Amino acid sequence: MNFEFNDEQKMLRRSARALLKDHCSLVRVREVMDRGDGFDADLWSKIVENGWPAVAIPEAYGGGGYGYLELVMLAEELGRSIAPVPFAPTIYMAAEAIKQAGSSEQKSEWLPGIAAGEIVVAWAGTGVGDCRVSGGTLSGTAHSVVDGMVVDAFAVVCEIDGEPAIAMLRADSPGVRRTSARGIDRTRTVANIEFGDAPAVVLEKRGQAVLDDVINSAAAILAFEQLGGAEAAMRMATSYAQERYAFGQPIGGFQAIKHKIVDMFVKVELARSNCYYAAWALENKAPDLPLAAACARVSATDAFEFASRENMQVHGGIGFTWEADPHLFFKRSKMLALQLRGIGTWRERVMAELDRKAVA
Amino acid sequence: MDFNDSQEEAEFRAQARAWLEQNATRPDADAGRTGPFAERDEDINETVRRAKAWQKTKADAGWACITWPERYGGRGLSSIFGSIWNQEEARFDTPTGIFAIGQGMAGPTIMTHGTDEQKDRFLPKLLSGEEIWCQLFSEPAAGSDLAGMRTRAERDGDDWVVNGQKVWTSGAHYSDWGILVARTNPDVPKHKGITYFYVDMKSPGIEIRPIRQITGAADFNEVFFTDVRIPDSQRLSEVDGGWGVALTTLMNERVALGAGGGGGFGLESLAELARGASVNGHLAIEDSAIRQRLADIFVRSRGLKYTGLRILTAISRGTVPGPEASIGKLVAAPMLQEAADLALELQGEAGVVDDPGTAIQGAFWQQVLLGAPGFRVAGGTDEILRNIIGERVLGLPGDARPDKGVAFKDIPTGKG
């Protein structure tokens with residue numbers, strides 16, 4: 001029995017944490033938020049220097065040849081530090097889509113640039129039907145695309161010949177028009193994008209099953225960002241409850257506060273266990289992956305939403321101010337909870353998998 | 001990450017399974033008759049007889065308390081093998097419950113704090129099931145605040161004379177021995193005046209009265225002490241130094257209670273109910289609100305299951321499990337309660353029947369419904385567990401305690 005990450009993977013997590021502590025402090029995150037450009041270029045260059053985008057990309061396509069167990073370690077730390085970089089859509093979503101649905105030619109075209117950190121990609125996944133490909137061009141509108149203003153390219157969920165598919169195109173292609181939409185989480189950008197007969201390449205493998213596989217993989221990895229964020233929010237609440245005095249004692253001595261923070265801890269631990277299993281299922285291509293990913297996603301969403309919201313409550317009035325940090329976690333949590341669809345959808349996916357198993 | 005046993009573990013598991021196949025029986029297919037909250041119609045004497053017989057069979061073949069030293073009849077194996085044995089034994093219908101306190105709590109406490117003479121006298125019989133133990137800790141006025149106990153032990157020559165009352169004592173009526181904490185000094189703060197003993201349950205002056213639970217069964221008791229004499233040789237701690245020893249016992253209790261966990265327990269039967277029931281004119285399993293609730297319970301139970309594997313990983317490596325080990329009962333007990341509520345709702349009006357002979361699924365969920373409130377209290381209430389995690393794991397400050405540093409006799413009791 002070994003349900004743990006190995007020493008090398010843990011060392012990777014430690015070095016990721018150290019790097020992010022130096023280059024992605026909450027002070028830095030706030031600078032990005034205040035600038036409003038949603039992209040910390042200095043941090044991105046550090047991330048690229050350390051080869052993070054390449055971690056789970058095969059060596060044949062310029063990748064580092066590691067796997068998901070390494071990638072999720074990075075995801076947890078990026079989530080913990082609310083990193084203002086488009087790592088998630090580029091790596092968990094677009095790169096996964098290309099790896100799983102692309103032809104070898106398409107992989108050769110896109111993956112080396114992604115692995116080298118030269119191309120960042122947003123995931124325009126708001127829905128099949130909003131975007132259509134015919135005759136090699138893409139038309140339609142993608143709403144609420146996270147990181148949409150800062151990326152070089154888009155992976156667009158679209159319809160072709162009545163089938164769902166994923167189209168890839170450069171942001172500077174003719175016929176692409178993006179407008180900024182202010183997001184809840186202002187450490188990242190959001191864009192609405194219109195495609196008017198924009199030349200696009202449709203990834204080779206199509207169909208709902210392919211799309212589901214990509215989204216399940218992405219959800220499992222994204223859950224680690226939520227896990228990291230949830231633990232950070234819990235730690236912040238713990239520190240504050242130790243330092244803040246009221247009625248002559250630290251507020252953490254009051255059960256109303258103490259028990260609330262313990263409830264955060266419990267949700268974080270359950271999420272961690274569900275996430276670990278999803279990582280194992282992902283790395284081993286287990287048939288159980290759809291269920292594992294859905295459980296991880298539900299558990300991690302629940303943990304981050306609860307911990308980030310109640311962390312504000314523990315902080316009292318100061319927690320509601322712009323100058324205090326709790327809202328950074330609260331807003332990131334909400335954004336991650338809604339990306340790839342909300343907790344209700346993932347609970348339903350849990351049930352759909354159980355239905356399928358009951359019939360089998 | 002690798003969920004497989006090591007070669008040594010796999011060999012051990014195969015041997016355990018082979019022996020169990022030969023010597024134990026599979027659970028009754030009727031779900032209502034198994035599980036932690038199962039109600040059995042049989043007489044308690046018959047249960048004790050069956051349990052002792054099974055324990056002896058195990059002991060004779062070297063499968064009892066395998067992590068205990070060989071000197072006492074064990075095999076001196078590491079905890080991972082104990083966990084593997086428990087997993088394998090749980091697949092069978094084996095009556096082990098009545099030994100849980102003795103082997104899970106009294107035994108480890110004697111092993112840590114007893115003299116060699118005490119260990120040689122008691123551990124082999126605990127292991128073989130010849131002697132059953134109970135725990136005399138809680139009192140009517142000392143539950144969560146255990147250190148507020150009032151049962152007194154006063155020195156009289158080579159003996160101690162005990163007067164007072166204990167409560168919630170599972171199995172007192174069929175136990176041979178009990179571990180007992182009592183106040184030996186009321187003039188010092190409460191934690192500093194407690195001494196730890198063990199007592200022969202057949203001693204003159206002990207009176208046992210069963211307490212009927214909300215399930216209708218009477219698994220535990222009130223135990224009254226009137227001038228009960230205990231030889232000083234049956235003391236397991238320094239005089240007034242019993243609190244630390246009691247903590248050893250309580251730690252073992254929480255590990256034992258959390259380990260069962262309820263992870264995945266009975267959830268198949270919950271989904272099965274939803275597939276057969278109808279709500280709002282359609283099948284319950286097709287009802288979105290029901291599906292959301294089922295999913296939520298399922299995700300939590302999976303979280304517990306994989307938390308269990310994280311704990312096992314730590315044990316397998318010979319390290320102490322991390323803080324995740326403390327959440328088991330705190331998650332499992334309310335989850336079971338919620339699952340029972342949903343199950344009965346799915347059963348509709350038929351949910352009111354709790355007669356195992358006629359109720360749906362042999363009244364399994366009715367038994368969970370009535371058993372879960374006790375599970376949320378036993379061995380540390382939800383609230384006490386939150387305090388323990390908050391203070392010991394997260395480092396949050398302790399509660400404000402008006403009785404801190406106050407001599408026991410001066411602590412307000414609310415009784416004037």
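User: What makes the charged end of A:Lys267 count as sitting over the ring of A:Phe306?

Analyst: A word on the basis comes before the answer. This is a predicted model, in which local features need pLDDT of at least 70 and side-chain atom pairs count only at pLDDT 80 or more, while totals for chains, interfaces and linings use all residues. Residues are numbered from 1 along each chain as its sequence is written, chains are lettered from A and ligands numbered from 1 in the order in which they are written, and side-chain values use heavy atoms, with hydrogens and water left out. A charge sits over a ring if NZ of Lys or CZ of Arg is within 6 Å of the ring centre and within 35 degrees of the ring normal. The charged end of A:Lys267 is 5.2 Å from the centre of the A:Phe306 ring and is listed as sitting over it; in chain B, the charged end of B:Arg183 sits over the ring of B:Phe408 at 3.5 Å from its centre.

User: Why is the pair of A:Phe87 and A:Tyr92 called edge-to-face?

Analyst: Rings of Phe, Tyr and Trp (its six-membered ring) pair if their centres lie within 6.5 Å, and planes under 30 degrees apart count as stacked, over 60 as edge-to-face and the rest as tilted. The count by this rule is 27 aromatic pairs over all chains. For A:Phe87 and A:Tyr92 the centres are 5.8 Å apart and the planes 75° apart, so the pair is edge-to-face.

User: How do you know whether A:Phe87 and A:Tyr92 are buried or exposed?

Analyst: Buried means under 20% relative accessible area, exposed over 50%, and partly exposed in between (1.4 Å probe, protein chains only). A:Phe87 has 1% relative accessibility and therefore counts as buried, and A:Tyr92, at 0%, counts as buried too. Another edge-to-face pair, A:Phe247 with A:Phe254, has 6.0 Å centre to centre and 85° between the planes; here A:Phe247 is exposed because its value is 79%, whereas A:Phe254, at 29%, is partly exposed.

User: What makes A:Lys258 and B:Glu391 a salt bridge?

Analyst: The term requires a side-chain nitrogen of Lys or Arg within 4 Å of a carboxyl oxygen of Asp or Glu. The closest N and O atoms of A:Lys258 and B:Glu391 are 2.5 Å apart, so the pair qualifies. Between chain B and chain A the count is eight salt bridges.
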